[in-house]
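Here is a friendly briefing on one protein chain. Take a moment to look over the sequence and the 3D view, then follow the topics below.

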Amino acid sequence: MNPEKDFAPLTPNIVRALNDKLYEKRKVAALEIEKLVREFVAQNNTVQIKHVIQTLSQEFALSQHPHSRKGGLIGLAACSIALGKDSGLYLKELIEPVLTCFNDADSRLRYYACEALYNIVKVARGAVLPHFNVLFDGLSKLAADPDPNVKSGSELLDRLLKPGPGIQPAPPPAGSSHAFDPQDIVTESNKFDLVGFIPLLRERIYSNNQYARQFIISWILVLESVPDINLLDYLPEILDGLFQILGDNGKEIRKMCEVVLGEFLKEIKKNPSSVKFAEMANILVIHCQTTDDLIQLTAMCWMREFIQLAGRVMLPYSSGILTAVLPCLAYDDRKKSIKEVANVCNQSLMKLVTPEDDEPDEPKPVVQKQAEPNPDDSLAKQEGTASGGPDGSCDSTFSSGIGVFTPAGTERAPVTLHLDGIVQVLNCHLSDMAIGMMTRIAVLKWLYHLYIKTPRKMFRHTDSLFPILLQTLSDESDEVILKDLEVLAEIASSPAGQMDDPGPLDGPDLRVSHSELQVPTPGRAGLLKTPGTKGLECSPSTPTMNSYFYKFMINLLKRFSSERKLLEVRGGFIIRQLCLLLNAENIFHSMADILLREEDLKFASTMVHTLNTILLTSTELFQLRNQLKDLKTPESQNLFCCLYRSWCHNPVTTVSLCFLTQNYRHAYDLIQKFGDLEVTVDFLTEVDKLVQLIECPIFTYLRLQLLDVKNNPYLIKALYGLLMLLPQGSAFQLLSHRLQCVPNPELLQTGDGLKAAPKSQKADSPSIDYAELLQHFERVQKKHLEVRHQRSGRGDHLDRRVVL
């Protein structure tokens, strides 16, 4: 420093002392400066006051010499003390050089800067509010200072600034007081630059230093407690940072952050109308997926409140919410709290979807709406033009982020539900075989709910969902399969799935020619000589069964064919449940029609046997059995003919169908043909099972008809035919004992002059061509024999002209 330079009104002694390396001498100089400034205040000499402050700032506090800087700092503090309440007039000039010293490389100098600012703020009190942002910025840096003395000094200054108790690591020096009390902030809040403060807060809140985090959290708590400062408006700016701090390793900081978030959530519940829910939805979605249990639980609790308070405003973020929530539903008891909150979120979100979210009946309004300017134009266009392909429409929404509209207009503009992203998420979770059972069930519940509430929109995604829904039938959980069947049944029966021209149904899991997908008609499905009027409830073309029904039946049989274990373990269960969810007659009618064209004859025989067992034993099919029992109506006769043609793949099941329908004479004729068939162990096993079945309650009426020998001669002859087929084992003994109970065995003789028409002939309606049915049976069995012999290398000796 130039000793010749004039520093008036500072005397040479003051200047020399300020530059001294000893603190005591600099302190003496500060007392002289305080005395000098007091005189200027008494004289109201503002010019000289400004000159003193400017000299201390420019020539000392900002000097290159460290001792000069220390002298400048203590001198500025002395000026503030001398000015007293008038210091507010010079705060900018007093504070700026001190804050500059906060960045000094010398830790002692940074400490003296804290000390100087402490004295300035202590005197100025509430007048520092207009400068709060720069003070906050400086303090936030010192809170993370590596020097413990500097950090301690910054904490004292921080505590002085706070209007409330805040964080107090050490008691303040004797005689100190807060710079201002809560009332100061209330009365001076118009001077508090909240808009300018928020960017500082947003920047500092991402600090990883635990002391800086503690500093930030403590100030947020303080400002949140001030009535006239509404931090809620700016919560979207700092919410992500708060959740970051919630994951801090320090238990105390985590607890403080929990308190802050809890206070904000209370405010949100009190004033939901002023909350910017949409702007914070994505932040919650991100933190709901974290691995930190506390962050995840807190974010999930916030999400629950947001969905319940904001309602449909959250719908555009449904795909993201589901991405976060669905995996939590499979958590075990170790994360029970998160699971329970996630379940509430899931249920609440599902309730937001209503029939109003679906497209109108006529497509024209949808097209006009798509033409309007809309931030979701591309999505709307994709949904409007999608034909259900697995790609295209789904990927764009999912990859473009969860929020799909401008939050500013969220609460005014009508909320539109876009299913692309939602379906994408549901499809992904259902495809992931590692996902938990409860999550898979929740996904299927969502799909079912969407098909119920928004069927028109959902059917545009059906072709992409269809393969994975079929694949889910192989799931290990019965509950998952039940929910899956509910979805498939809704797809197959919803009126929205009815297409005038469905086009080629060649999805990823379906390779069938268009001709095979035609719904069977009465004239084609049966062998009625006089086609009757087919009841709508008896055909797969019924209005309750749409274009996807027959496709579903084809794919289901194809899956059974490719996964024999699925057919063996779950086949009966699946078909029985479908019979409860859909029309049982339609299911059997369509499956029989499809099996009629099955090229894998072994599978056809196995499948027919499965269907027959279900038909004869399941309580779910009681009504259908009664319908077939008498064949009184053209519909029941047509169904019998359709089933018969496919049942011919398995001789024993064909006989059992005749027993069920009381076609005893035809059953006897079939058994007569068994002598021409290749009798195998499997064949005899099925005859054995049929004998066991005759003893079951299903055939109680048949056993009672044995009492009427006169009117049921062919029933008795058919049973004797079965007896003659069986080797003398347990089944032989069982059937033999039953036939021994038949009264008047001599009446078994039937002559040509028998006048009374047997009861069994009642079902032999002239509208059914039994001769043609018998010929069809022979052709099918001839084909089966040919295939078996081809496998064993003996096919050359068979008549290859026999075709189906």
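## The chain at a glance

The chain contains 39 helices and 0 strands; helices (H or I, at least four residues) and strands (E, at least two) are DSSP runs, numbered from the N terminus. This is a predicted model, in which local features need pLDDT of at least 70 and side-chain atom pairs count only at pLDDT 80 or more, while totals for chains, interfaces and linings use all residues. Residues are numbered from 1 along each chain as its sequence is written, and side-chain values use heavy atoms, with hydrogens and water left out.

**The whole chain**

- Of the 804 residues in the chain, 53% are buried; buried means under 20% relative accessible area, exposed over 50%, and partly exposed in between (1.4 Å probe, protein chains only).
- Among contacts in the chain with a separation of 6 or more, 74% join residues 24 or more positions apart; a contact means heavy atoms within 4.5 Å.
- The accessible surface of the chain is about 36100 Å², and 51% of that belongs to carbon and sulfur atoms; the areas come from the Shrake-Rupley method with a 1.4 Å probe, and for residues, only the protein chains shown count as cover.

- Helix α4 covers residues 66-83, and its 18 residues reach 26 Å from the first C-alpha to the last, close to the 26 Å expected at 1.5 Å a residue; the expected span is 1.5 Å times one less than the number of residues.
- Because 15 of the 18 residues of α4 are buried, α4 is largely enclosed by the rest of the structure.
- Just after α4 comes Gly 84, with a positive phi of about 65 degrees.
- Helix α11 (residues 210-224) has 15 residues and reaches 21 Å from its first C-alpha to its last, close to the expected 21 Å.
- In α11, 12 of the 15 residues are buried, so α11 is largely enclosed by the rest of the structure; among them are Phe 215, Trp 219 and Leu 223.
- Which helices do the buried residues of α11 pack against? They pack against α7 (132-142), α8 (148-161), α10 (194-204), α12 (235-246) and α13 (251-270).
- Asn 209 caps the N-terminal end of α11, where a side-chain oxygen of Asn 209 lies 2.8 Å from the backbone nitrogen of Tyr 211.

**The nonpolar core**

- In soluble globular proteins, nonpolar side chains tend to be buried together.
- The largest nonpolar core here has 244 residues, and Leu 242, Trp 302 and Phe 659 touch the most other members; such a core is a set of buried Ala, Val, Leu, Ile, Met, Phe, Trp, Tyr and Cys residues joined through side-chain atoms within 4.5 Å.
- Leaving aside neighbours within four places in sequence, Trp 302 is in contact with several residues, including Leu 235, Phe 243, Phe 264 and Leu 284.

- Ser 318 sits in helix α16 (residues 318-325) and counts as buried at 1% relative accessibility.
- The side chain of Ser 318 reaches the backbone oxygen of Leu 315 at 2.6 Å.
- Beyond its neighbours within four places in sequence, Ser 318 is in contact with Leu 349 and Ile 422.
- Asn 612 belongs to helix α30 (residues 601-617) and is buried, at 5% relative accessibility.
- Not counting residues up to four places away in sequence, Asn 612 touches Trp 647, Thr 653, Ser 656 and Leu 657.

**Loops worth a look**

- Most residues other than glycine have a negative phi, and most peptide bonds are trans.
- Leu 631 is not a glycine, yet has a positive phi of about 50 degrees; Leu 631 is in the loop between α31 (622-630) and α32 (634-647) and is buried at 4% relative accessibility.
- Gln 662 is not a glycine either, and has a positive phi of about 65 degrees; Gln 662 is in the loop between α33 (651-660) and α34, buried with a relative accessible area of 12%.
- Leu 677 is in the loop between α34 (664-673) and α35 (681-694).
- Is Leu 677 buried or exposed? Leu 677 is buried, because its relative accessible area is 19%.
- Leu 677 and Leu 785 are 108 residues apart along the chain, while their C-alpha atoms are separated by 7.9 Å.

**Cysteines**

- A search of the whole structure finds 0 disulfides; a disulfide is counted when a pair of cysteine sulfur atoms lies within 2.5 Å.
- Cys 101 is buried at 3% relative accessibility, whereas Cys 696 is partly exposed at 28%.

Note on methods:
Polar contact = N/O pair within 3.5 Å; in protein donor to acceptor, adjacent residues only side chain to side chain.
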